[in-house]
Amino acid sequence: MNIFIFGYLEMEKMGKFSGQSFTIKAYFQSEVTDEKAQETVQKLKNLPDVSSIVFLSKEDAQKKFLEYFELTPEDFPVDENPFPLSVEIIPKRVESIPELANQVKNTGLFDDVIYGGKNVDVFVKFYHMLLSVGSIVLFLVFIFSLIVIINLIRISIQSRKEEIRVFHLIGATETFIRRPIITEGFFEGLFAGISAFLLSILVFHFLLDFLHAAFPFFPWINLTDIMAPLLVVDTFMGGVIGILGSLIACNSVLKEVLR
């Protein structure tokens, strides 16, 4: 589970980093006026996935063209500026690029919308695959951990069945008997979660040191970025699984013991 959390946080950071590396370029239709284009730019700025947007007038586009090819206006004489109005959009996250490009197209004011294409699509597919696989892994880990806790509590109840029967005979209610069993399950799960957290931090400390040294230019997350998520998830999942496992074990075993 902690490996999935590490992978997810790394993909989150890489998505934000890569999002700055991809630019959506959209070219207005020839009949769109400067005023209409500026109005559209203001609307696009309000989209939640837009990090920044730059409007290029025909003059700006011509200037960039001349600078790119190291030309002067005399080298490129034209009677009328042939360059269209355009915008360059930098998204907040790389996986939002296809959807953002579709939103730009759907305005109906652009002749062409260009972005990273296959590179972006590959990243988005990998991101969604990670989420799908991670969800399955989390479910399997949850079921496995629940089964372990249930069996541990069942064994604990069976080993103390005579003591539990004595308490029941002298008037202890089922609620009174259940309370320490559920508390025990909670602390067993919590201890298991804390142990998993400490072991994971130790492993990720050496792993991230190696990754940062071997691939220094890659946007790796830092150990401090994953400590809080791991601690919260491990302790919360451990406690919840402990309580749930104890309740299931009590319901299935305690009635047999109290017969």
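Is Lys-58 buried, partly exposed or exposed?

1. **Ground rules.** This is a predicted model, in which local features need pLDDT of at least 70 and side-chain atom pairs count only at pLDDT 80 or more, while totals for chains, interfaces and linings use all residues. Residues are numbered from 1 along each chain as its sequence is written, and side-chain values use heavy atoms, with hydrogens and water left out.

2. **Lys-58.** Lys-58 is partly exposed, with a relative accessible area of 30%. On this scale, buried means under 20% relative accessible area, exposed means over 50%, and partly exposed is in between (1.4 Å probe, protein chains only). Lys-58 lies in helix α3, residues 58–68; helices (H or I, at least four residues) and strands (E, at least two) are DSSP runs, numbered from the N terminus. Not counting residues up to four places away in sequence, Lys-58 touches Asn-81, Phe-83, Pro-84 and Leu-85, where contact means heavy atoms within 4.5 Å.

3. Four strands form an open, antiparallel sheet in the order β2-β3-β1-β4. β2 (50–56) and β4 (110–114) are the edge strands, each with a single partner, so one side of each has no neighbour in the sheet. Neighbouring strands are turned by 15 degrees against each other on average, direction ignored; axes are lines fitted to C-alpha atoms, for helices over the stretch in contact, and angles run from 0 to 180 degrees between N-to-C directions.

4. **How the strands pair.** Two strands pair if DSSP finds at least two bridges between them. Six bridges join β2 to β3 (residues 86–91), and Val-54 has Glu-88 as its bridge partner in β3. Four bridges join β1 to β3, with Ile-24 partnered by Ile-89. β1 and β4 also pair over four bridges, and Tyr-27 stands opposite Asp-112 in β4.

5. **The cores.** A nonpolar core is a set of buried Ala, Val, Leu, Ile, Met, Phe, Trp, Tyr and Cys residues joined through side-chain atoms within 4.5 Å. The largest has 23 residues, of which Phe-28, Val-87, Ile-89 and Phe-110 touch the most other members. Helix α4 gives the most to this core, with four residues. A second, separate core of 14 residues includes Ile-149, Ile-157, Ile-177 and Leu-254.

6. **Ser-86.** Ser-86 is in strand β3 and is buried, with a relative accessible area of 5%. Leaving out residues up to four places away in sequence, Ser-86 touches Ala-26, Tyr-27, Phe-28, Val-54, Phe-55 and Leu-56.

7. **Asp-234.** Asp-234 sits in helix α8, residues 223–257, and is buried at a relative accessible area of 3%. Its side chain reaches the backbone nitrogen of Phe-197 at 3.4 Å.

Notes: A polar contact is a pair of N or O atoms within 3.5 Å; within protein, one must be able to donate a hydrogen and the other to accept it, and residues adjacent in sequence count only if both atoms are side-chain atoms.
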